[in-house]
Amino acid sequence: MKVVVDRNKCQDHGQCVFAAPDVFAFDDAGHLAYVPDPDDALSDEVEEAADVCPLQAIRIVAGP
């Protein structure tokens, strides 16, 4: 699984941080940081994060 965040759409609302805190977080400047290739065991959390993103800026891509 690979996570892709469209930085042009993302406005750092943080809903993904609440849905998948092991994958998404805020950096020291208050901007979204994330793990681009999280463990597949976190797929439910990542899917929830993509679903709750108000701007639909998160995509999940099947990985090798």
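Is leucine 32 buried or exposed? I found leucine 32 buried, at a relative accessible area of 5% (buried means under 20% relative accessible area, exposed over 50%, partly exposed in between, with a 1.4 Å probe and protein chains only).

A note on the source: this is a predicted model, where local features need pLDDT of at least 70, side-chain atom pairs count only at pLDDT 80 or more, and totals for chains, interfaces and linings use all residues. Residues are numbered from 1 along each chain as its sequence is written, and side-chain values use heavy atoms, with hydrogens and water left out.

I placed leucine 32 in strand β3, residues 32-34 (helices, H or I, of at least four residues and strands, E, of at least two are DSSP runs numbered from the N terminus). Beyond its neighbours within four places in sequence, leucine 32 has contacts that include Val5, Cys10, Asp12 and Phe24 (contact means heavy atoms within 4.5 Å).

Next I looked at Asp12 itself, in the loop between β1 and α1. Aspartate 12 has a positive phi of about 60° although it is not a glycine, and is partly exposed at 25% relative accessible area.

Then I turned to helix α2, residues 43-52, where Val46, Ala49 and Ala50 are buried. Down the axis of α2, these buried residues fall within an arc of 95°, so they line one face of the helix (the arc is that of the directions from the helix axis to the C-beta atoms). The face turned away carries the exposed Asp44 and Asp51.
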